[in-house]
Amino acid sequence: QVQLVESGGGLVQPGGSLTLSCAASGSIFRLHVMGWYRQAPGKQRELVALITTSTTSYADSLKGRFTISRDNAKNTVYLQMHSLKPEDTAVYYCYLVASGQHGSPGMNYWGKGTLVTVSS
């Protein structure tokens, strides 16, 4: 099993910045994909950004404002968010695909979510 611990959410004013972190621990042989999704009130969960060992991808609407990165030594993924807008208000969920041992298939894991509120 893999445990995810998210941190960094909170209240921020429009135009401000925030950095989310998600640390993975447990039975991890390889982290194939790490990333973030978000779910705003009354809306479906949507992709924010994903990162592998060699690529990154973002929701088109967030390119240029959000940056995803990872620290493989710490099994941690980060999401730097800049120029935040009220519409960025959502619960942000950490997501990863991990294998527990060599040759085993990757499994999906989700964090419990951290609330980001953008408001003056």
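# Exercises on Contacts and Burial

Glu46 and Arg38 form a salt bridge in which the closest N and O atoms are 2.7 Å apart. The model is predicted: local features need pLDDT of at least 70, side-chain atom pairs count only at pLDDT 80 or more, and totals for chains, interfaces and linings use all residues. Residues are numbered from 1 along each chain as its sequence is written, and side-chain values use heavy atoms, with hydrogens and water left out.

## Exercise 1: Salt bridges

State how many salt bridges the structure holds, and determine which residues are linked in a network of salt bridges.

Solution. 

Step 1. The criterion is a side-chain nitrogen of Lys or Arg within 4 Å of a carboxyl oxygen of Asp or Glu. The structure holds 4 salt bridges.

Step 2. Burial is judged by relative accessible area: under 20% is buried, over 50% is exposed, and values in between are partly exposed (1.4 Å probe, protein chains only).

Step 3. Lys63 and Asp60 form another salt bridge, with 3.3 Å between the closest N and O atoms. Lys63 has a relative accessible area of 51% and is therefore exposed; Asp60, at 63%, is exposed as well.

Step 4. Arg65 and Asp88 meet through their side chains in a salt bridge of 2.8 Å, N to O. This pair joins distant parts of the chain, 23 residues apart: Arg65 is in the loop between strand 6 (56-58) and strand 7, and Asp88 is in the loop between strand 8 and strand 9. Strands (E, at least two residues), like helices (H or I, at least four), are DSSP runs numbered from the N terminus. Arg65 is buried, since its relative accessible area is 13%, and Asp88 is buried at 1%.

Step 5. The network of salt bridges links Arg38, Glu46, Arg65 and Asp88.

## Exercise 2: The disulfide

Identify which cysteines form a disulfide, and decide whether Cys22 is buried or exposed.

Solution. 

Step 1. A disulfide requires two cysteine sulfur atoms within 2.5 Å. By this rule there is 1 disulfide.

Step 2. The sulfur atoms of Cys22 and Cys94 lie 2.0 Å apart and form this link. The angle about the S-S bond is -85 degrees, and the link of Cys22 and Cys94 is left-handed. Cys22 belongs to strand 3 (residues 18-26) and Cys94 to strand 9 (residues 90-99), so that distant parts of the chain, 72 residues apart, are linked.

Step 3. Cys22 counts as buried because its relative accessibility is 0%. Cys94 is likewise buried, at 0%.

## Exercise 3: The nonpolar core

Find how many residues the largest nonpolar core has, and which strand gives the most to it.

Solution. 

Step 1. A nonpolar core is a set of buried Ala, Val, Leu, Ile, Met, Phe, Trp, Tyr and Cys residues joined through side-chain atoms within 4.5 Å. The largest has 31 residues, and Trp36, Leu79, Met81, Tyr92 and Leu96 have the most contacts inside it.

Step 2. Among the strands that each supply at least two residues are strand 1 (2-7), strand 4 (30-39) and strand 8 (76-81). Strand 9 gives the most, with 5 residues.

Step 3. A second, separate core has 5 residues, including Val33, Tyr37, Leu50 and Val97.

Step 4. Contact means heavy atoms within 4.5 Å. Apart from residues up to four places away in sequence, Met81 touches Gly16, Ser17, Leu18, Leu20, Arg65, Phe66, Tyr92 and Val116. Gly16 itself lies in the loop between strand 2 (10-12) and strand 3, and it is buried because its relative accessible area is 18%.

## Exercise 4: Aromatic rings

Describe the aromatic pair of Tyr95 and Trp110, and name the rings over which Arg45 lies.

Solution. 

Step 1. Rings of Phe, Tyr and Trp (its six-membered ring) pair if their centres lie within 6.5 Å; planes under 30 degrees apart are stacked, over 60 edge-to-face, and the rest tilted. The structure holds 3 aromatic pairs. Tyr95 and Trp110 form a tilted pair, with 4.8 Å centre to centre and 50 degrees between the planes. Tyr95 is in strand 9 and Trp110 in strand 10 (residues 107-110), 15 residues apart.

Step 2. Tyr95 counts as buried because its relative accessibility is 12%, whereas Trp110 is partly exposed at 39%. Ring pairs join Tyr37, Tyr95 and Trp110 into a cluster.

Step 3. A charge sits over a ring if NZ of Lys or CZ of Arg is within 6 Å of the ring centre and within 35 degrees of the ring normal. Arg45 lies over the face of Tyr93, 3.7 Å from the ring centre. The charged end of Arg45 also sits over the ring of Trp110, at 4.7 Å from its centre.
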